[in-house]
Every structure is written in structure tokens, then in C-alpha cells.
Amino acid sequence: MDPVKVYEMLSAYRAEISRNSTADPSINELRNHLYRVCDVAGQISEPGLYTLTAPTGTGKTLAMLAFGLQQMICKKKKRIIVVLPYLSIIEQNAAVYKNMIPDILEDHSQAEREGEFAKELSQRWDAPFIITTSVKFFESLFSCNGPACRKLHHLTDSVILFDEAQSLPVHLAETTLSALSELVDHYHATVVFSTATQPDFSQLPGVRWTPQELVDHTQDMFEQARRVTAQWNLKGPIGLDTVANEMAQNENACVIVNLRAHAQKMFDFLCSVCNSADVYLMTTDLCPAHRTQILNEVREKLRYHRPCYMVATQCIEAGVDISFDVMYRALAPLESIIQAAGRCNRSDATKRGKFSVFLPDEEKLYPDDFYRQASNAVLTLIARHEIDLNDLSHIQEYYKILYGNGQVRQKKELSDAIKNMDFHGVAKAYRLIEDNQLQILVPCPGKEDVFQALAEEGREFGVTAAWMRRAAPYTVHSYQRTQVYEMCEQLFVYTGTHRVKNDCNWYILSNPVLYHNKKGLQLSAEFNGII
């Protein structure tokens, strides 16, 4: 890849999308400003640790690429590695990058690889432009097995761009930031953390966090990017049915809740007060290919101002390019609230989108203890003063409350393994996503033939690396082990010449009716009215 040629293609691509943009001129000017700032910074910045803090919808994806390319051109960096937290964002961003760089090396579970050479490249990261997931990047960094470690020497003299950096698990932050500092200090890497909600890791005990910000006068950009009016309805719990009735009064609206069970209930409430054909559900109960179908259909309806109502979990908060006029968010960590607001009125500075934060009238509110702690930090902050989502000092104050109370600590098993120089223990303890979920192959609507072909191949030949990559877009992950054992067919893997099921976490959904064309996988079928 010739970085100069790619930079020229990037400039031409930006000019084209600018000509065709329907966004408000002031929004386009913000995007142009951010791009220019990152372009110049890439030319003059020495290897180091940087943050890129900018509002949602201001074009960080292309601005970061300009920074990385200028680092390759002016500072002779060898490669750009883009690290993204979610596969849904990778699909969207990879499609953008491929307009300039057709030979991107994608290294993630859904990447298509042709032949042994492509497989070897992905293992070695021997390419000038790589796009991967946080899981692949960090678990390779802390791995102790040969295939994962083969890529590590290629991090030297690289530009490593972390998009949606707020998604980094805080219980791994101390070790993660220490490793990245090592890459910067001793291996001449340049690292950029990009997000609208930049975590203040300096508030964590034991963490050295002194990045340089690429954008001067960042607060001015946030002031210019105001596009929503926030309402904080936290004085008392609000029923999900009440929220559904409010949403139905608008041409389009979206609500993001914290739990899939809440999303299912809200979806049913909305279907009872709206035309069910205009109501969509977006959770991880749907396989990735199904979620992509739904997002495309929703964008089409929003583009032509047709009635459209979405219920979602956190899976659409970060990096998903979608814009509703009205957005509701169940109480959550502040970074999630701000990301949700970024899916509201993304491109029209002449009006204000309506954004409402509410406390659901439900027994269980949060998926885990950290989510609860972070949400309580929001309550503490709003008890002090009204929260301005565009005020960076409020975001810093939130992180000081959350990180400064001593409740957030590094994972003990990881700290102990590092202290004891237990490399196998470190590899086992460093997990961005716990690997105790089961993978279930499901019949995505419109792709039933693909499901049948994959199911037949899996039954006959077992689970292979190539099969898993092809199956990934049609897979749902589940913790419901009892239901999976009862309602799904377990596949096998080969250990030598023997078929073994005990080591295989892959299943095929036995009864296709348990995959709903709107709700996705419904293993608790009786509860959800599927059977």
C-alpha cells in the first residue's frame, strides 16, 4: 500500500461525500475542521500516546485515517492498525476504508480469508493496513501461544488507532494502559484513543495516564455540535408501557434499554400501540446478518420520513450511523447516555432532537455491578447539578466520582498472575469477553439456504476454523445453557481422528420456529409467545 496514493484517494473520497452530503453546513464545517486538525497533527506528531476527543457525528473515522496516513508519509511508520470494539462497527468502517484501500487485512471472527497465504498474513499482521477487534488485539498482546505472538513484532513502528475507546473494560485498564505505554516508549508506536466520551483513566489507582489531546479547543467543538435537548426524568420510576405510548406520538423514535428482557417487553408494548410493521428490535438475540438487514431497513424508513420505532440494547450505541428525531435512554453510565444521544439528530444543527433519560419501573435494572456503579455515579452527579452532555468538565467530574471512590479495581486474578510472572495465568485472566457463552447457528430471515448448508456441513465434517468464519454472521451467543442443551443440536470437533463433542461450544438451533423474524432467538419460547 502506497500511503501517498491512499491519502490522495481519501481526499477524493471526502470531496465526493461532502458534495453529496445532506447534513447541515455547520455540521460539515465541523467535520472539515476535525479532518484538517488530524491531518496536520499526523504530519508533525512524534511517536506518543494521544487522545482524539470530538462529538459524535463529526467524522472521526476519516479524520483518524488521515492522521495515520500522514504518520506513515511524514514519520515513516510501517502500518496502521485500527482497533474497534464491536464487529458491527467493523463491517461499517471496513466498507468505508475499502473505498480507499481495497487490500485491507481484516482480522476478526467474520473475516473472509482465501487460502493459506491470507491465513498466514492474518496471523502475522504482515500488512500495511489492518482492521481488527479489541478482543483480537489485546488478547494477542497478552497471549502466550505461538500463533498469537507471531504478530507482536509488527506492532513496532505502527500507528494504532482505537475507535470508541470508552468501551475498554475498566477492570483491565491498568494492565492494558501499561502495555500500550510500553509500545509507545520502547517500540516507537503511536497510539490514539478516539471517542466522544474520553475516559479519565488518571483517576484510577496505579494508572499512569498522560496522553496529549490532538484537538485544541475541544470544548468549542462540543458547543457547536449541540443537536439535542436532554430531559432527565429520574425523580421516580417510569413504566415501559408509558414510554411506548410517548414514542408512538412521534413520527420516529428509539429507546435503548439495559437488558434484553426489557427490550422484549418494550417491543411488545410498542407493537400494541403502533403498526407492528413499523416496530423493530435490535439486540444480540439477533444474529449479526439479521441486525444488518434491520439497520438497512430502518435507515431507509428514516431517510424517507416513514413511521419507524426501534427498541434496542447497548449494541447500537457506539459507532452505528443512525439518526432518530426522538431518543429515550434508560439510566446507564454517562458514556452510554452520551453515545445514545449521538444516535439522535446527527446532521441538522437547525433543530434540536428530543432526548430523554428515564428510570425504568423494573425489578432488575442493570446487567452487572460495574454498570450499576457507573449509573449510580450519574445519579450522584445530577444531585450536584444539572448534567450538560456537551460539557467536557461534567464528563471529567463523572469519571472522578466513578473511578475515585475506590470501588473500581483491576481484576485480581490478572494482578496476581502478573506479579508472579505467570504468563499462562495472564493469558487466561486477560479476557475482554468471557468465553463461557455457547454459539448457536440460527436461520437468518432470507438466508435459510445458508443456514441449511452450514448445518449440513457442520453435522458431516464438524466445526473447523473456516466453517466458524462463514457461520459467524448467522450465530447468536447465549448463556442459557439449560435451554441450549434442550433445544439445540451440539456439533463436534475432531481431536486427531476422533469426533469429540465435549470440547465443542457450537450448536445448531433444532427448531427454526424458535428464531423469530423480528425478535431473534427465543429459547424461552413459552414466555415469549413463540410456541
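1. Let's start with one pair of residues. Ala 253 has Tyr 309 in strand 11 as its bridge partner. Helices (H or I, at least four residues) and strands (E, at least two) are DSSP runs, numbered from the N terminus. Residue numbers count from 1 along each chain as its sequence is written. Please keep in mind that this is a predicted model, in which local features need pLDDT of at least 70 and side-chain atom pairs count only at pLDDT 80 or more, while totals for chains, interfaces and linings use all residues; side-chain values use heavy atoms, with hydrogens and water left out.

2. Next, the two strands around that pair. Strand 9 (residues 252-256) and strand 11 run parallel and are joined by 5 bridges. Two strands are said to pair if DSSP finds at least two bridges between them. Val 255 is another residue to look at here, standing opposite Val 311 in strand 11. Strand 9 also runs parallel to strand 12, with 3 bridges joining them, and Cys 254 stands opposite Met 327 in strand 12.

3. What is the order of its 6 strands? The order in this open sheet is 8-13-12-9-11-10, with parallel pairing. Strand 8 (228-238) and strand 10 (279-282) are the edge strands, each pairing on one side only. From one strand to the next, the twist averages 15°.

4. Is strand 9 mostly covered or mostly open? It is mostly covered, as 5 of its 5 residues are buried. Buried means under 20% relative accessible area, exposed means over 50%, and partly exposed is in between (1.4 Å probe, protein chains only). Asn 252, Cys 254 and Ile 256 point one way from strand 9, while Ala 253 and Val 255 point the other way. Helix 10 (residues 240-247) lies across strands 8, 9, 11, 12 and 13, and runs at about 155° to strand 9. For that angle, axes are lines fitted to C-alpha atoms (for helices over the stretch in contact), and angles run from 0 to 180 degrees between N-to-C directions.

5. Which residues of helix 18 are buried? They are Phe 451, Leu 454, Ala 455 and Gly 458. Seen down the helix axis, the buried residues fall within an arc of 105°, so they line one face of helix 18. The arc is that of the directions from the helix axis to the C-beta atoms. In general, an α-helix has 3.6 residues a turn, so residues three or four places apart point the same way. The buried residues of helix 18 pack against strand 14 (438-441), helix 19 (465-471) and strand 19 (506-509), where contact means heavy atoms within 4.5 Å. The face turned away from the buried side carries the exposed residues Asp 449 and Glu 456.

6. The side chains of Glu 489 and Arg 459 meet in one, at 3.0 Å from N to O. Glu 489 lies in strand 16 (residues 488-490) and Arg 459 in helix 18, so the pair ties together parts that are 30 residues apart in sequence. Glu 489 is partly exposed, with a relative accessible area of 28%, and Arg 459 is partly exposed at 38%. A salt bridge here is a side-chain nitrogen of Lys or Arg within 4 Å of a carboxyl oxygen of Asp or Glu.

7. How many salt bridges does a search of the whole structure find? The search finds 18. Among them, Arg 208 forms a salt bridge with Asp 185, with the closest N and O atoms 3.4 Å apart. Arg 208 is exposed, with a relative accessible area of 55%, whereas Asp 185 is partly exposed at 45%. Arg 346 and Asp 321 form a salt bridge too (3.3 Å, N to O); Arg 346 counts as buried at 11% relative accessibility. Finally, Glu 223, Arg 226 and Asp 388 are linked in a network of salt bridges.
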